[in-house]
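Here are some notes to read alongside the structure, written for someone meeting it for the first time. Have the viewer open and follow the points in order.

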Amino acid sequence: DSDSSSNESNGKQQPAKKKVVNKRLLAKLAARGETLEEREQRRAERRAARITAQFGYTAQDNPFNDPNIAETFTWKKKVDSAKQLPKESIDKDSRKSQQDKIFDEIEKVRKRR
């Protein structure tokens, strides 16, 4: 049962983004009655709410007129140069702490104004 649903989910998910879906996640989602797409949508809404609460504007209505402001920025030159170097794994904790540092820096700038 879970194997067939994981194959279906992998088939749907891989053409758009090459994500590795782990079986524990699929089991957890199946217990909730939730699909990967619904999970991604829920997480995107939570991320947008966090940005709105933190900065006071939404992803659509922001002072920078950037429609992709809620998405993670990837620097293409860095990605290209990283392909030439051995792969290094960036864990979620370091990314989260880096994001918190950025939020703190933005808050300091806003207070200076």
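1. Start with arginine 42, which makes a salt bridge to glutamate 34, with 3.0 Å between the closest N and O atoms. The term salt bridge is used here for a side-chain nitrogen of Lys or Arg within 4 Å of a carboxyl oxygen of Asp or Glu. Arginine 42 is partly exposed at 30% relative accessibility, whereas glutamate 34 is buried at 16%. (Buried means under 20% relative accessible area, exposed over 50%, and partly exposed in between, using a 1.4 Å probe and protein chains only.)

2. Please keep in mind that this is a predicted model, in which local features need pLDDT of at least 70 and side-chain atom pairs count only at pLDDT 80 or more, while totals for chains, interfaces and linings use all residues. Residues are numbered from 1 along each chain as its sequence is written, and side-chain values use heavy atoms, leaving out hydrogens and water.

3. Glutamate 34 has another partner: its side chain also meets that of arginine 32 in a salt bridge, at 3.5 Å from N to O.

4. Next, look at arginine 50 and aspartate 100, another salt bridge, whose closest N and O atoms are 3.5 Å apart. Arginine 50 lies in helix α3 (residues 36–55) and aspartate 100 in helix α5 (residues 92–112), so this pair ties together parts that are 50 residues apart in sequence. Helices here are DSSP runs (H or I, at least four residues), numbered from the N terminus. Both ends are partly exposed, arginine 50 at 30% and aspartate 100 at 32%.

5. Which residues make up the largest nonpolar core? They are Val21, Leu25, Leu26, Leu29 and Leu36, five in all. Helix α2 (residues 23–32) gives the most to this core, with three residues. A nonpolar core is a set of buried Ala, Val, Leu, Ile, Met, Phe, Trp, Tyr and Cys residues joined through side-chain atoms within 4.5 Å.

6. Finally, the rings. There are three aromatic pairs, counting Phe, Tyr and Trp (its six-membered ring) with centres within 6.5 Å; planes under 30 degrees apart are stacked, over 60 edge-to-face and the rest tilted. Tyrosine 57 and phenylalanine 64 have ring centres 6.1 Å apart and planes at 80°, so they are edge-to-face. Tyrosine 57 is buried at 17% relative accessibility, but phenylalanine 64 is exposed at 58%. Ring pairs link Phe55, Tyr57, Phe64 and Phe103 into a cluster.

Methods:
Helices (H or I, at least four residues) and strands (E, at least two) are DSSP runs, numbered from the N terminus.
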